[in-house]
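This briefing is meant for a reader meeting the structure for the first time. Please look over the sequence and the model before reading the points below.

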Amino acid sequence: MERWVGIAVSGEQLTLVDATVEVGKPLVINFDKTFKLQKGPRPEAYKTMHHQVFDYIKTNKIDLAVIKASAVSQSAGKAHLNAAELRGVVMAAAAAATQVSLQDKAQISKTFGERKFDAYLKDETFWSKSISGVTLRGGSRDAALILLAQRGK
């Protein structure tokens, strides 16, 4: 039994799902939270986010951080680039505290189960069988799904 976090970065925030992982059993969700980038100068906001992620992982003795990798975009606008910067900060913070694995959404669709990533997000039956513990918020399913895909490797 291990304790993992799944992290999905979007825009100026990240969703962190903390779960106890045991092969052959549903994920036990311990914690589900959104961390928002603070207002003000970006370097200071990134520093604060780095500390929050590092402290959470270290304090809770997380064995593995699974981070949803950047998606390829035909139109990489400023918001997409800002999210990529934040993802880099999160990767650095997590790597300073524990082992890190990146999960690519497109790759998950090819290697996890028989459906596309987004089809799993909408499937209530799948979620009722795959997790227990704290109820996940709808937007947290991305972070939980990358944990399930990692466990299936």
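The model shown here is predicted. Its largest nonpolar core holds 25 residues, of which L27, F112, W127 and L145 touch the most other members.

**The nonpolar cores**
- Leaving aside residues up to four places away in sequence, L145 touches F112, F117, Y120, L121, F126 and W127.
- In soluble globular proteins, nonpolar side chains tend to be buried together.

**T15 in strand 2**
- T15 has its place in strand 2, which spans residues 13–21.
- With a relative accessible area of 8%, T15 counts as buried, because that value falls under the 20% cut-off.
- Not counting residues up to four places away in sequence, T15 touches G6, I7, A8, D32, K33, T34, R137, G139, S140 and A143.

**S128 in helix 5**
- S128 is found in helix 5, which runs over residues 124–130.
- S128 has a relative accessible area of 55% and is therefore exposed, the cut-off for that class being over 50%.
- The side chain of S128 reaches the backbone oxygen of T125 at 2.8 Å.
- The C-alpha atoms of S128 and I57 are separated by 26 Å, and the two residues are 71 residues apart along the chain.

Technical notes. Residues numbered from 1 in each chain as written. Predicted model: local features only at pLDDT ≥ 70, side-chain atom pairs only at ≥ 80, totals over all residues. Heavy atoms only, no water. Helix = DSSP H or I, 4+ residues; strand = E, 2+ residues; numbered from the N terminus. Buried < 20%, exposed > 50% of the residue type's maximum accessible area, 1.4 Å probe, protein only. Polar contact = N/O pair within 3.5 Å; in protein donor to acceptor, adjacent residues only side chain to side chain. Contact = heavy atoms within 4.5 Å. Core = buried A, V, L, I, M, F, W, Y, C linked by side-chain atoms within 4.5 Å.
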